[in-house]
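Try each task before you read its solution.

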Amino acid sequence: MNTRETLKINEKGHLEIGGADACELAHRFGTPLYVFDERQIRDMMGIYRDTIEEEYGGRGLVLYASKAFSCEAMYAIAKSERIGVDVVSGGELFTALKAGFPAKNICMHGNNKLPYEIVEALDAHVGRIVIDAFSEADILDEEAERRGLIQDVLIRINPGVEAHTHAYVQTATPDSKFGFSVASGAAEEIVRYVLTKRHLHLRGFHCHIGSQIFEEQSFVLAAKKCIKFMSEMKTRISFETEELDLGGGFGIWYTDEDPKIPALGYRRYLSALIAAVKAGCKEYGLTEPFLYLEPGRSIVGEAGVTLYTVGAIKEIPGVRKYLAVDGGMFDNPRFCLYGSKYTAVLANRANEKPEEVVAVAGKCCESGDLIGTNFNLPKAKTGDILAILSTGAYNFSMASNYNRNLIPPAVLVKDGEADYIVRPQTYEDIVCRDVLPDRLK
Ligand code: LLP
């Protein structure tokens with residue numbers, strides 16, 4: 001199990017999450033259910049915040065990458081932990097503002113921000129907008145002028161660093177829809193262009209190399225390339241970079257194939273990045289920039305568990321045994337999308353030894369609807385509570401109503417107490433946008 005003290009096995013032999021018995025949660029709230037450990041989330045936010053404070057004199061801001069798990073409660077927690085957030089859509093921005101999140105600590109991303117999203121961000125007075133297209137610079141400048149304001153912006157650059165992770169979540173390779181390539185000269189071109197805009201204040205650069213990455217060297221290499229680019233911009237066009245956003249991407253534990261990093265262990269990623277920034281600035285004679293970091297998965301991933309009830313069990317002799325659960329690709333599409341691996345625990349029999357290898361199937365109408373194929377479990381029975389661990393990041397965010405299944409609710413647990421942070425969906429929610437034109441009645 002994970003190393004972050006979210007999970008324990010209690011005296012009843014039940015899985016415990018943030019001090020709450022998983023079986024009691026399943027009984028009280030029903031399954032499928034997303035469960036989040038508040039303490040874990042706060043610890044992670046605090047560790048990132050404190051590292052910047054202690055090792056970089058507070059000249060930086062951690063931005064929780066809210067695409068990992070976005071709901072009002074998450075923005076409220078980030079606010080009370082005194083960190084910022086990154087949002088990537090009008091929807092995330094709206095949620096953050098509704099939760100009372102201070103706009104000045106919001107950074108707006110997106111490789112194709114829609115004109116109305118740009119307007120929403122400007123009207124909300126978000127702190128930073130990260131430009132990822134020439135056309136975006138035009139719209140931003142025009143709309144900022146119309147409002148009589150000057151918007152602080154960063155430019156997303158692509159430093160061309162390949163990281164060891166799934167191709168779909170790599171973002172800084174030469175063939176990427178994100179950022180302006182440093183190597184091709186596109187990055188310099190957009191810098192020159194943005195500097196011509198009177199209603200944009202270019203503060204610096206952003207880069208994000210990908211997600212679920214463990215190699216410190218990949219992050220450090222990207223930071224070094226950004227600093228080198230900063231130096232080039234200074235010598236070539238006298239542009240002094242004030243701010244550098246190094247993105248997120250730090251990996252987490254899903255199975256024992258992954259390193260187990262205790263919460264405090266994440267300090268080393270920031271320490272390495274801070275050291276690289278300081279050394280690079282010294283080498284090139286640059287002023288050390290204000291730093292942003294955008295961890296998402298590492299804040300919320302291991303803090304989340306999904307609880308299911310085991311339903312149909314099907315053994316195909318010589319082939320495989322399937323446990324079907326009351327969820328599936330509609331609450332966790334990550335196995336289908338990336339072949340992601342997870343660890344499963346029978347929450348009501350968490351002390352029992354694994355006896356067999358099973359596949360966990362969902363209830364959607366397609367064969368590929370699996371949570372995984374190689375779970376080591378005690379012999380499961382219909383009615384057992386199955387916990388899939390490390391599902392806090394990019395599960396709820398990517399959930400859908402496929403087959404008109406209901407997206408599970410989410411509860412937040414603190415010291416054994418649980419509250420809804422996302423209420424259950426109802427069938428009425430499912431049909432509430434359907435329209436029957438008269439001619440079909
Ligand atoms: N900043 C930017 C600009 C990003 O694009 C991302 C993630 C992050 C920060 C946060 O990265 P993290 O610390 O969470 O690795 N759906 C995929 C993950 C997509 C990540 C997208 N960008 C998955 O389920 O694995």
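**Exercise 1.** Explain why the ligand lies between domain 1 and domain 2.

*Solution.* Take the bounds first. This model is predicted. Domain 1 covers 7-30 + 303-431, and domain 2 covers 38-299. Now look at the shell around the ligand. Both domains give residues to this shell, so the ligand lies between them.

**Exercise 2.** Describe the shell around the ligand.

*Solution.* Start with the count: 19 residues surround the ligand. The closest are Ser211, Glu294, Arg297, Arg334 and Tyr394. Next, sort the shell by type. It holds 6 nonpolar, 7 polar and 6 charged residues.

**Exercise 3.** Find polar atoms of the protein that lie within 3.5 Å of N or O atoms of the ligand.

*Solution.* Check the backbone of Arg297: an N or O atom there is 2.8 Å from a ligand oxygen. Go on to the side chain of Arg334, where an N or O atom sits 2.6 Å from an oxygen atom of the ligand. Then take Tyr338. A polar atom of its side chain is 2.8 Å from a ligand nitrogen. Finish with the cover: on its own the ligand has 580 Å² of accessible area, and the protein covers 91% of that.

**Exercise 4.** Characterise the interface of domain 1 and domain 2.

*Solution.* The domain centres, taken over C-alpha atoms, are 32 Å apart. Domain 1 brings 21 residues to the contact, and domain 2 brings 22 residues. About 1900 Å² is buried between them, with 61% from carbon and sulfur atoms. Now count the links. The interface has 2 salt bridges and 8 residue pairs in polar contact.

Terms used. Residues are numbered from 1 along each chain as its sequence is written. This is a predicted model: local features need pLDDT of at least 70, side-chain atom pairs count only at pLDDT 80 or more; totals for chains, interfaces and linings use all residues. Side-chain values use heavy atoms; hydrogens and water are left out. A residue is near a molecule or strand if one of its heavy atoms lies within 4 Å of it. A polar contact is a pair of N or O atoms within 3.5 Å; within protein, one must be able to donate a hydrogen and the other to accept it, and residues adjacent in sequence count only if both atoms are side-chain atoms. Accessible areas come from the Shrake-Rupley method with a 1.4 Å probe; for residues, only the protein chains shown count as cover. Ala, Val, Leu, Ile, Met, Phe, Trp, Tyr, Cys and Pro count as nonpolar, Asp, Glu, Lys and Arg as charged, and the others, Gly among them, as polar. Domain bounds come from an automatic or database domain assignment. Contact means heavy atoms within 4.5 Å. Buried area is the accessible area (1.4 Å probe) that two parts lose on being put together, summed over both. A salt bridge is a side-chain nitrogen of Lys or Arg within 4 Å of a carboxyl oxygen of Asp or Glu.
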